[in-house]
Every structure is written in C-alpha cells, then in structure tokens.
Amino acid sequence: MHFRDKMLGLGLALLFLLTFFLPSKASETLNGAGSTFVYPILSKWAYDFQKVSGVKINYQSIGSGGGIRQITERTIHFGASDMPLTPQELKSKKLLQFPIVIGGVVLAYNLPELRGKSLILDGETICGVYLGKIKSWDDPKIRALNPGIALPSRPITPVFRSDGSGTTALFTHYLSEVCKDWAKEVGFGTSVKFKTGLSGKGNEGVANYVKRTPYSIGYVEYAYAVQNKLSIALLKNRAGNVVAPDVNTFKEAASSANLDPKNHFYAWITNAPGKNAYPITGLVFILLAEEKKDINKKVVKFFDWVLTNGDNQALSLQYVPLPKDLKDKVRSYWKANGLY
Amino acid sequence: MIEREIRKRKVISRLALLAAFFCALWGLFWLFFIIFDVLRHGLSSINLSLFLEVPTPPGEPGGGLKHAFIGHLLITLVAVILGIPFGILGGTFLAEYGRNFRFSRFISFLADTMVSVPAIVVGAFVYAIMVKPLGHFSGWSGGVALAIIMLPVIIRTTEHMLSLVPWTMREAAFALGAPYHKVIWQVVYPSVKTGLLTGCLLAIARVSGEAAPLLFTSFNNNFLSYDMSGPMASLTVTIFVYAMGPYEDWHGKAWGAALVITLAILLINLTARLMLKKGGKS
Amino acid sequence: MVFTNRIFLFFTFLGALLIPLIILGILIVFLKEASLAFQKFGFVSFIFSPEWDPVFEKFGGAVPLTGTLIVAFLSLIFAVPFALGIAIFVVEVCPASLKEIVRLAIELLAAIPSIVYGMWGLFTLAPIMARYIEPFLQRVFSPIPLIGKLFEGTPLGIDLWTASIMLSIMIIPFTASIAIESFYLVPRVLKESAYGMGATKWEVIKDVMFPYCKIGILGGIGLSLGRALGETMAVAFVLGNINSFPTSLFSPTTTVTVKLANEFTEADKDIHLSALFYLALLLYILSLIVIACSKYLILRVRSR
C-alpha cells in the first residue's frame with residue numbers, strides 16, 4: 001500500500017473520530033451516581049423521564065459514599081445518598097441537599113428450613129449477630145424471639161457492604177441507637193469496620209450473596225429483597241411491636257421526622273417511636289453542587305417531574321413517596337436556591 | 001541386580017512422563033471446561049435483542065446491551081488510534097534509528113516490563129491525570145487507559161518484527177540512494193506487514209478483555225451514548241456490574257456478553273497466530 | 001528529503017520516549033496522590049497496620065498487602081508444578097503433530113479475559129468448591145493437628161482457596177511457555193551425551209534440562225508471579241473482599257487490587273483515596289521489581 005493511501009485512511013479515521021466531538025444536542029445526558037438503595041426506583045424514573053422528555057438521566061449505583069465523593073469532586077451532576085450530610089459538611093463541600101423518597105432497610109436471610117415462616121429479630125439480636133457474639137442460628141436469644149420455629153444448628157454468615165454505603169449508614173445508625181456495644185465498638189457511617197462476615201458490593205452484591213449462600217443474613221434495601229424473592233425478617237420496634245417492612249410502616253417511621261429546609265433536611269428516622277413504625281427506615285437525599293446553577297436547574301426539572309408523577313412507580317417498588325407537605329418544603333427549598 | 005535397578009529407573013521415568021501427561025490434561029481440561037461453561041450459560045442469552053436493544057430498569061426483564069457493545073467498540077477504537085501509531089513509531093525507533101544505542105535496549109527492556117504492569121494501576125493513573133483534572137469520567141480517558149496498556153505490546157512486537165528483516169534489504173535500498181524514512185516505509189514495513197498486523201490484533205484482543213482500567217475512567221452509562229466526553233458503557237464493566245448483581249436477568253445477559261467477548265478474543269488470537277504461521281512459511 | 005527523514009525520526013523517538021515517560025509518570029503521580037496518606041501514616045506503620053477504618057480515618061495496608069502476597073504465592077504453588085509438567089509434556093512426550101496445538105491451547109488459557117474467569121469462578125467454581133471439594137478437604141484434613149487448622153471455617157466457596165486455584169489456572173501459561181522455550185534451548189549435545197550414558201528420559205529432564213534451564217524457568221515463574229500480583233477482576237469475584245487476615249484457606253480476605261476496584265470511586269474522604277493510592281504505589285513498585293527481575297533472567301537465558 002502506498003504511503004498516501006495510508007495517510008488517507010488515517011485522515012478519514014481522524015475525521016470519523018472528530019464527529020464525536022460534536023455535542024449532540026438531540027439527547028442530553030445528566031450523570032448521577034451514589035446510593036444503591038435508590039437505584040431500582042431512580043432508574044425506573046429515569047427510564048420513564050427519557051420517554052417523556054428525551055433527557056437521559058444516567059445513574060450509576062456505586063454506593064452513597066461514591067455519590068458523595070463524586071459530587072464533591074464535581075465529576076457528576078448529582079449525587080444520591082441515604083446518609084444525610086450535616087449542615088457543616090454541606091457548607092464545607094458547598095453542596096445542596098434535599099430528600100426525594102423514603103425506603104426501608106430489611107434483614108434478608110437464607111434459611112432453607114424456614115419455608116413460609118418469617119423470622120423475628122430485634123436490635124439486640126441483630127447487633128449480636130454482626131458483632132460475632134451470636135454465632136449460631138439456634139442461639140437462645142434468637143430462639144426466644146421465635147418460639148414456634150425449629151431453628152437449625154448452623155453457623156450464621158452475616159453479609160455486609162464492602163463499598164461506602166448509605167444503607168450501611170442507616171443500618172449502623174439503627175444499631176448504634178439500640179445497642180450500646182455497637183455504638184462503642186463500631187459506630188456508624190458509610191463504611192465501618194465490621195467484625196465478621198462476608199462483604200458484597202452494593203445492595204446488589206449483598207442480595208446476591210444472601211441468595212446463593214445458605215444460612216447467611218444480610219441487610220438490603222427493601223426493593224432488592226422483594227425483587228429477588230429473599231426471605232425478610234420481621235423486626236421488633238422501639239414500641240415493642242413486631243412489624244413487617246412495608247409502605248405503611250415506613251410511612252409511620254417517616255412521619256416522626258423533623259425535616260427543616262433551613263437545615264438542609266438533615267434528619268435520621270431510624271428507631272422511630274411510632275407504634276407500627278419500621279425501625280430501619282431512611283430518606284434518600286439528592287446532593288447538588290452549589291455553584292452549578294444551570295446544571296442544577298436541569299436536574300431539578302427531573303426531580304420536579306418525579307415529585308409530581310413518580311409516586312405510583314415508587315409505591316409499586318415498595319418505596320414511600322414523600323408526603324405532600326414535605327414535597328412543598330422541597331420545592332420551596334429549590335426556590336430559595338434559585339433553581340425553580 | 002543391575003537389571004532391577006534399570007527397571008526401577010525406567011518405571012520411574014515412565015511414571016514421571018505420565019505425570020507430565022496428566023499436567024497437560026489438567027491445563028486442557030480447564031480450558032475446555034471454562035469455554036464449555038461460558039457457552040452453556042451464554043448461548044441461551046444470545047439473541048438479536050441483546051445486540052439491538054438498550055437496557056431496561058433493573059429487575060425488569062427484556063432489553064439488551066446495545067449501549068455496551070457500541071461503547072466498547074468506541075473506546076477500543078480510541079485506544080487503537082492512540083496506541084497503534086505511537087507503538088509502531090516507537091518500535092521503529094528501537095529497531096531502526098536507535099538500534100545502535102544502549103539506551104534503546106534499556107527502553108526495550110522497560111517496554112517489556114510495562115507489558116505486565118497491573119491494569120488497575122493504569123486505571124488509577126489515568127483517573128489521576130485525566131478524570132480528576134477534567135472533572136468527569138469519559139470515554140476518552142477509557143481509551144487512553146487502554147492505549148497505555150497496548151503501547152508496550154505494540155512497541156515490542158514491532159521491534160521484534162522489524163529486527164527480523166535482514167539488513168541487506170535495507171542496504172540495497174540505501175545503495176539506490178533512498179533516505180532512511182523511505183527505506184522504512186517502502187522496504188521494511190511492507191515486508192513485515194503481516195507480522196505487524198498480527199501484533200496489533202493480539203494487542204487489541206488483550207485490551208478488549210480489560211475491565212479494571214475502565215472502572216474509574218470511562219465508568220459506566222445505562223444509556224446508549226456516542227458522546228466520548230462523558231461516561232460510557234463497556235461490555236466488560238457491564239459484565240462486572242451485572243454478574244455482581246442479584247437479578248437473574250442480569251446474570252443471563254452477563255453470560256451472553258462474556259460469551260461474545262471470549263469468542264471474539266479467542267477468534268482474534270487464532271487468526272493472528274494462523275497469519276503468523278502462514279507469513280512465516282512464505 | 002532530509003527534512004522528512006528528520007521529522008519521521010523525531011516521531012519515532014517520541015514513540016519510544018513514551019515508555020519511560022509513562023513509567024516515571026505513574027510513579028510520580030502516585031507519589032503525589034499518596035503523599036497525604038504517607039504524611040499521616042508513615043511507611044513502616046502503614047505496612048504493618050491492619051486497620052482500615054474509614055469512619056475513624058485510620059488506614060493501614062497490612063491486610064491487603066498480605067492478602068496479595070498470600071494469594072500470589074498460593075497460586076504459584078498450585079500453578080508451577082502443573083506448568084512445568086506441561087512443559088515437559090510438550091517438549092518430551094507429546095507427538096510432534098500435536099505439539100503446536102497443545103502449546104496454543106495452553107496459551108489460550110491466558111487469553112481468556114480475567115472478567116470471564118471471575119464470572120465463571122463465582123457461578124461455577126465457587127459452588128463446586130463449596131458443595132463438594134471444600135467439605136471433602138475439611139473431612140480429610142481436620143483431624144490432623146497443624147494442617148487441620150488450614151481447613152477450618154465454613155466452606156462458602158468465596159475464599160482464599162477458590163481464588164488461588166482459579167488464579168493458578170490463569171498463570172500456568174506464563175511459566176509453561178517460558179519453560180518450553182528454555183527446554184528447547186538446551187543443546188542437543190548435552191542431552192545426547194546423557195542418553196549415551198544410559199540415562200532415562202526423566203533423568204535427562206531432571207539432571208540435565210532442569211539445571212540448565214533453572215534461570216529461565218525462574219524467570220517464567222517470576223512472570224506468573226507478576227501476573228498474580230496484579231490480577232484484579234477474577235479475584236474480586238471470589239475472594240470475599242474482607243479486610244481481615246485469613247485464618248484458614250477457607251477464609252475470605254482482600255488484596256490490594258480488589259480493594260482498589262471496590263473502593264476507588266467510592267472513597268468519600270481525601271485521606272481514604274490517598275491511602276488507596278498509597279497501596280497502588282506499593283503494588284506498582286512491587287510488580288515492577290518482580291517483572292523486571294524476571295525479564296532480566298529470561299534475557300540472560302536467551303542471549304546465551
């Protein structure tokens with residue numbers, strides 16, 4: 001082949017490549033990342049929003065820790081986290097924060113012997129399992145909560161998150177509230193030092209391990225347990241009642257929250273006081289970079305659509321949409337920040 | 001007495017060689033087992049929609065991996081356009097212009113070492129120099145990471161191929177008054193073009209199977225995108241995400257994608273080696 | 001004419017220069033990114049500290065570094081005997097018509113992408129290990145006092161054992177092909193004279209070829225080691241990703257590469273990311289040394 005043919009080929013290839021520099025106005029993409037907790041519903045909303053508006057909301061489920069990191073670094077347009085950032089943290093990272101949906105963290109387990117019957121657990125037992133103090137399924141403490149069930153004498157394999165996770169933050173926040181030893185030895189956060197067990201990446205990874213590992217137990221966001229047909233434990237709440245995770249018990253837990261726009265909605269709703277409140281409930285927060293006004297307006301357009309149109313989708317996946325007064329507070333927060 | 005000794009030694013020798021045979025069986029067994037397993041799991045997921053449709057939300061069946069196939073092709077294309085020219089140029093220097101300097105032997109050695117550097121290290125490097133300063137993940141940075149992995153491979157194979165050309169061929173061209181660059185382009189390159197091509201093919205096969213360097217450079221994208229300046233889906237990262245997830249539907253797609261990649265890479269490898277064989281014979 | 005030649009020369013030189021530039025570049029960038037963690041944790045205390053606590057911001061590389069080394073060495077132990085056996089087979093036992101095919105097949109083992117290995121490991125190998133192999137090994141070895149300790153623990157399949165076996169399969173080709181090459185370099189005269197003295201095939205291999213090829217084989221093993229140190233995706237699927245020292249072959253643990261893959265995009269504190277870069281730096285330097293030494297050995301053998 002002659003030299004000039006080679007050059008021609010190279011030139012054409014470069015020209016072809018140059019076309020990728022052309023910004024495609026036809027389909028705009030906004031990039032978000034973070035909480036795996038909210039991934040199932042967020043992608044559903046994104047899928048529908050694209051059909052309606054043509055705007056692609058590309059959300060990557062890398063864990064709340066990742067969402068916080070990437071939005072702080074401004075490598076994405078919005079982050080999602082189940083762990084709320086304190087007003088001080090928001091100020092130092094120059095971020096805005098608002099809730100978008102409510103969900104619950106459940107304890108999924110894999111006990112082949114327990115077909116049809118639900119396991120009952122409480123804060124103390126969960127704490128014991130994850131601290132490695134309760135090692136076997138037929139431990140007296142577990143048996144005390146489950147009198148009618150024959151528990152196997154097998155070692156428990158707790159599964160936790162290997163990545164920076166808001167779900168972990170919710171779970172460990174709950175444990176810190178109900179279990180003194182936990183608060184002292186481990187604490188809460190997106191990435192804590194778990195004492196024992198296996199770790200999976202994302203809610204997806206934990207669900208995957210629980211599904212395929214007999215005698216394991218793991219904490220996952222409710223939608224993951226339901227979608228993967230995992231057995232879910234009933235929990236004894238603060239009021240002493242045994243509750244199942246569902247839309248109503250989540251709602252009740254959320255109703256006790258004091259969410260203040262002035263405080264950037266910073267609040268935890270774990271171990272809520274209500275009679276039928278589910279003990280491990282949480283809000284999902286969206287984080288925005290303060291200074292990116294134009295991007296934020298576009299992101300807010302998506303979430304405005306979500307607040308208006310996304311309720312049914314959320315309910316179908318067992319998430320609790322924000323109550324009306326909270327939605328108004330969120331909208332006024334947007335207005336106060338010039339995004340609405 | 002001596003007969004018994006000799007027989008014992010012969011028996012030991014037979015046993016040792018039998019053990020060697022079983023070692024070969026061990027290696028071959030795993031190769032076929034893995035390929036068979038990938039075929040078994042992946043074949044059922046190979047249908048037209050895998051290639052032609054974009055993904056549905058998690059948990060919902062249906063959809064495909066069109067976005068990942070196209071993204072992967074684009075990223076690999078960038079890697080090829082960046083890595084191959086520089087690789088061939090570099091190898092040319094080492095084998096031609098720089099062939100008499102000790103410095104070149106040193107660079108050749110460095111390149112050889114770089115071939116085996118952990119891919120994830122390259123990914124972290126490109127994250128630090130491209131993603132963080134530019135402020136976003138991009139298909140470009142993914143391509144750059146793969147190009148960095150390809151570069152030493154191409155340099156080494158180019159240098160090797162060029163060094164196989166007898167010096168007399170160049171001398172003949174010089175005697176005709178040709179300048180060095182013309183000698184290279186019109187005499188040396190054409191005589192090794194098959195070898196160069198196979199080197200490039202093998203390098204492409206190697207990088208198209210990489211996932212680690214793409215994890216923090218091109219990241220991932222749930223939508224079909226041609227915008228290289230933003231995050232891009234790739235087959236390998238998608239396999240990682242889908243395989244680690246809990247949804248059966250995802251697992252099936254991951255197997256399908258794994259089958260496609262494995263077959264493609266194996267095919268490229270076999271083709272390249274066949275070409276080398278034929279080129280060598282002629 | 002001369003001008004074009006000069007330009008071309010310049011570009012080829014640039015191409016070659018990219019290599020040392022990139023190698024140095026990686027080193028410098030990693031040093032810079034890791035400096036935060038280095039300032040806070042130093043060198044010795046970072047290497048020996050098993051703490052990896054993002055909440056309390058205490059990081060130490062002891063677990064991933066040990067994990068990397070243990071996984072690499074275990075996989076070498078499983079790989080090298082088979083690789084050498086394969087080399088012996090190809091050079092001395094295999095019928096000539098099949099030699100190239102077998103060689104090719106073994107090289108294809110290295111061509112399978114590591115992510116496919118990982119998937120296969122998670123969905124096929126780990127369950128087989130968990131259901132059949134690991135319980136069997138436990139039954140056999142537990143009664144033995146010291147060795148029994150190595151086989152303790154719940155056989156989940158996601159552990160050091162599965163990861164090492166899988167990695168060993170992946171790295172066989174590196175040692176095997178270098179060993180084959182080295183065996184072919186043995187001068188016929190040497191082998192013939194041994195046969196002439198009445199040596200059996202095995203004795204020739206054992207007492208003539210192996211000693212002659214020691215250095216080359218060592219280089220090949222070093223290449224396998226280098227690969228094992230840097231493998232990420234395959235191991236990430238089946239090692240369990242726990243930051244604790246393995247207490248038995250059936251414990252999950254972590255390696256530097258797995259930690260990087262899992263936590264890199266998600267480290268939400270600067271010090272966390274810096275600690276990860278610190279690990280990456282250590283791994284980079286370690287791999288460079290291992291690979292460079294191995295390549296050097298192989299170079300020595302080839303130039304003989």
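Which percentage of the contacts in chain B with a separation of 6 or more comes from residues 24 or more positions apart?

Tutor: This is a predicted model, in which local features need pLDDT of at least 70 and side-chain atom pairs count only at pLDDT 80 or more, while totals for chains, interfaces and linings use all residues. Residues are numbered from 1 along each chain as its sequence is written, and chains are lettered from A and ligands numbered from 1 in the order in which they are written.

In chain B, residues 24 or more positions apart supply 76% of the contacts with a separation of 6 or more; a contact is a pair of residues whose C-beta atoms, placed from the backbone, lie within 7 Å. Chain B contains 11 helices and 0 strands, so its order of elements from the N terminus is α-α-α-α-α-α-α-α-α-α-α, where helices (H or I, at least four residues) and strands (E, at least two) are DSSP runs numbered from the N terminus. The radius of gyration of chain B is 24 Å, whereas a compact globule of 282 residues would have one near 19 Å; the radius is taken over C-alpha atoms, and the globule rule is 2.2 Å times the number of residues to the power 0.38. Along the principal axes, the C-alpha atoms of chain B occupy a box of roughly 75 × 65 × 35 Å. Buried residues make up 56% of the 282 in chain B; buried means 20 or more other C-beta atoms within 10 Å of the residue's own, exposed 12 or fewer, and partly exposed in between, with C-beta atoms placed from the backbone.

Chain A is split into domain 1 (28-103 + 258-267 + 281-336) and domain 2 (105-254), with bounds from an automatic or database domain assignment. The centres of these two domains of chain A, taken over C-alpha atoms, are 26 Å apart. Where they meet, 23 residues of domain 1 of chain A contact 24 residues of domain 2 of chain A. On the domain 1 side, α2 (39-53), α3, β4 (95-109) and β12 (281-289) of chain A each give two or more residues, and α3(A) gives the most, with 3 residues. That side comprises 10 nonpolar, 12 polar and 1 charged residues; Ala, Val, Leu, Ile, Met, Phe, Trp, Tyr, Cys and Pro count as nonpolar, Asp, Glu, Lys and Arg as charged, and the others, Gly among them, as polar.

Chain A also meets chain C, through 22 residues of chain A and 16 of chain C. On the chain A side, α3 (64-72) and β7 (198-200) each contribute two or more residues, and the largest share, 5 residues, comes from α3(A). The chain A side holds 5 nonpolar, 13 polar and 4 charged residues.

Strand β3 (residues 78-81) of chain A points A:Phe78 and A:Ala80 one way and A:Gly79 and A:Ser81 the other, and all are buried. Strand β1 (residues 29-34) of chain A runs parallel to β3(A), joined by 3 bridges; DSSP must find at least two bridges for two strands to pair. A:Gly79 in β3(A) stands opposite A:Ala33. β12(A) runs antiparallel to β3(A), with 4 bridges, and A:Ile286 of β12(A) is the bridge partner of A:Ala80.

A:Gly123 belongs to helix α5 (residues 123-131) of chain A. A:Gly123 counts as buried because it has 21 C-beta neighbours inside 10 Å. Leaving aside residues up to four places away in sequence, A:Gly123 touches A:Leu175, A:Val178 and A:Cys179.

Conventions
Contact = placed C-beta atoms within 7 Å.
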